Amino acid sequence: MAVNTEKIKLNKFGIRKMVNVRTTFGLLEKLDELDITLLELQDTENAEYIDIRRNNLKSARLKMEFVQAAFELSDEDIENIKNSISPEQFGEAFEYVTLRMRGVTDENYNVLVAEAKREQEEQEADETDPKEDSVE
């Protein structure tokens, strides 16, 4: 049985490059390990502010290391990413490439993004309830 290869665009990281990624068991295992570590780092229920900041930094570095290893990017490419995109853009790009590695198509990804945006807009609309602003 052949290993699935995904063509993934890195333009969301500010790099005009398309890479072929072999979605091997080992790569997906590393991705799952990273997901678990990131979830553990996001547990802020009992964390102090400094711990939260430290965990956020560690999460960002782990994600960047994964991107560099998975896509065989040079240190120069990584510096380009760090110095050319916002943290929000990096987060979106990371989500995109990891979903693509898990087999989500570009079309499905675009549908997911549209649904998430719609849900966020609905949530924001619910938070600004016009009934609260009315004067009786």
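This is a predicted model: local features need pLDDT of at least 70, side-chain atom pairs count only at pLDDT 80 or more; totals for chains, interfaces and linings use all residues.
Mentor: Local features need pLDDT of at least 70, side-chain atom pairs count only at pLDDT 80 or more, and totals for chains, interfaces and linings use all residues. Residues are numbered from 1 along each chain as its sequence is written, and side-chain values use heavy atoms, with hydrogens and water left out.

Trainee: Why is H4 called oblique to H5?

Mentor: Helix H4 (residues 87-101) and helix H5 (residues 106-127) pack at about 135°, with axes 10 Å apart. Angles under 35 degrees count as roughly parallel, over 145 as roughly antiparallel, 65 to 115 as roughly perpendicular and the rest as oblique; H4 is therefore oblique to H5.

Trainee: What makes Thr 23 count as buried?

Mentor: Buried means under 20% relative accessible area, exposed over 50%, and partly exposed in between (1.4 Å probe, protein chains only). Thr 23 has 11% relative accessibility, so Thr 23 counts as buried. Thr 23 lies in the loop between strand S2 (18-22) and helix H1 (25-42).

Trainee: What makes the pair Asp 35 and Arg 102 a salt bridge?

Mentor: The term requires a side-chain nitrogen of Lys or Arg within 4 Å of a carboxyl oxygen of Asp or Glu. For Asp 35 and Arg 102 the closest N and O atoms are 2.6 Å apart, and the pair forms a salt bridge. Asp 35 is in helix H1 and Arg 102 in the loop between H4 and H5, 67 residues apart.

Trainee: Why is Asp 35 called partly exposed?

Mentor: Asp 35 has a relative accessible area of 29%, and is therefore partly exposed. Arg 102, with 39%, is partly exposed.

Definitions and conventions: Axes are lines fitted to C-alpha atoms, for helices over the stretch in contact, and angles run from 0 to 180 degrees between N-to-C directions. Helices (H or I, at least four residues) and strands (E, at least two) are DSSP runs, numbered from the N terminus.
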